[in-house]
Amino acid sequence: MEQARAHDAYRLAVRVPEQPRSGSARGEHTHAEAESEPSAQVAPPAPPAPRRPVQRSSVRGQVLDALRAALVGGDLAPGEVYSAPVLGERFGVSATPVREAMQQLAIEGAIEVVPNRGFRVTERSARELGELAEVRALIEVPVMLRLARTVPAARWCELRPLAEASVVAAAGGDLARYAESDRAFHRAVLGLSGNQQLVQVADDLHRRSQWPLVSGPVSGRRADLVADAAEHTALLEALVARDLAVVQSLVREHFAGAGG
């Protein structure tokens with residue numbers, strides 16, 4: 001008896017609810033009420049979509065392309081200091097994307113930061129150009145020889161439009177346009193290896209080899225470009241014929257030529 005009274009007192013103290021009977025109306029009603037009650041946590045409304053996409057990254061990319069073209073074309077002279085606000089006025093943009101693009105060029109080694117003044121175009125020597133050509137040959141010649149043994153002739157023929165584009169750019173004497181078409185051709189050739197890391201490293205070396213020397217663009221540059229572009233077509237012909245000796249000779253000469 002005393003144990004029963006103690007048990008009843010414990011139930012009242014903790015207010016243990018009575019279990020509903022199986023299939024009772026109360027159990028069904030409680031379930032329905034739970035479904036009809038609104039959730040305690042309501043998700044906040046989604047922010048409105050912007051009326052137009054942010055274009056800052058694209059502006060920076062366009063400025064970077066323009067600066068690279070000016071660098072290759074000699075419009076940005078080696079040893080000269082340029083400020084972001086002045087270049088921004090030239091390109092019709094604010095100084096911010098210009099400064100960001102110049103920082104990228106500084107990372108690549110094309111320019112250097114001058115505190116409180118701007119950016120100085122790096123002065124390069126013929127020796128540095130020769131060193132870049134040597135490194136490129138060490139990387140690309142073995143790859144091209146391997147590709148010459150394995151890639152079908154039809155795949156090489158697909159690259160003819162890229163070679164022809166470089167010939168057109170060279171004939172027009174457009175340094176910036178030729179530089180881009182030249183790199184596009186080499187990227188496509190090395191891309192057949194399937195090694196994207198190789199393509200990126202080689203393209204970076206190639207870009208650096210196209211920067212102007214201390215003396216700027218040399219006289220007779222158009223003739224050099226035309227000869228350089230003609231080597232693209234000759235290289236494709238040698239690759240189609242799987243003439244390994246000619247491939248090796250052309251690639252080495254190409255690197256030592258007009259920006260190759």
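Colleague: What is the strand order in the open sheet, and is the pairing parallel or antiparallel?

Modeller: This is a predicted model, and its open sheet of 3 strands has the order β1-β3-β2, with antiparallel pairing. The edges are β1 (81-82) and β2, each of which pairs on one side only.

Colleague: How many bridges join β2 to β3?

Modeller: Strands are taken as paired when DSSP finds at least two bridges between them. Here, β2 (residues 111-114) and β3 (residues 118-121) run antiparallel and are joined by 4 bridges. Within that pairing, E112 stands opposite R120 of β3.

Colleague: How many bridges are there between β1 and β3?

Modeller: Those two strands pair over 2 bridges, in the antiparallel sense. Y82 has F119 in β3 as its bridge partner.

Colleague: Which helix packs on the sheet, and which strands does that helix touch?

Modeller: Helix α5 (residues 95-108) packs there, touching β2 and β3. For the angle, one compares N-to-C directions on a scale from 0 to 180 degrees. The direction of α5 makes about 120 degrees with that of β2.

Colleague: Now the turn. How many residues lie between the strands in the hairpin of β2 and β3?

Modeller: That hairpin has 3 residues between its strands. N116 is placed in this loop and has a positive phi of about 65 degrees, although N116 is not a glycine.

Colleague: Is N116 buried or exposed?

Modeller: The cut-offs are relative accessible areas: under 20% is buried, over 50% is exposed, and partly exposed is in between. N116 counts as exposed because its relative accessibility is 86%.

Colleague: Which other residue has a positive phi although it is not a glycine?

Modeller: R242 has one, of about 55 degrees. R242 is found in the loop between α11 and α12. Its relative accessibility is 44%, so R242 counts as partly exposed.

Colleague: Back to the sheet side. Where is S83 found, and with which residues is S83 in contact, leaving aside its neighbours within four places in sequence?

Modeller: S83 is in the loop between β1 and α4 (84-91). With those neighbours left aside, S83 is in contact with R117 and G118. A polar atom of the S83 side chain also lies 3.4 Å from the backbone nitrogen of V86.

Colleague: Which residues does M144 touch, not counting residues up to four places away in sequence?

Modeller: On that count, M144 touches H186, V189, L190, L235, L239, V247 and V251.

Colleague: How far apart in space are E131 and S209?

Modeller: Sequence separation and spatial separation are read side by side. E131 and S209 are 78 residues apart in sequence and 9.3 Å apart in space, C-alpha to C-alpha. E131 lies in helix α6, and E131 counts as partly exposed because its relative accessibility is 40%.

Colleague: What share of the contacts with a separation of 6 or more comes from residues 24 or more positions apart?

Modeller: In the protein chain, that share is 72%.

Colleague: How many helices and strands does the protein chain have, and what percentage of its residues count as buried?

Modeller: The chain has 12 helices and 3 strands. Of its 260 residues, 33% count as buried.

How values were computed: Residues numbered from 1 in each chain as written. Predicted model: local features only at pLDDT ≥ 70, side-chain atom pairs only at ≥ 80, totals over all residues. Heavy atoms only, no water. Contact = heavy atoms within 4.5 Å. Polar contact = N/O pair within 3.5 Å; in protein donor to acceptor, adjacent residues only side chain to side chain. Buried < 20%, exposed > 50% of the residue type's maximum accessible area, 1.4 Å probe, protein only.
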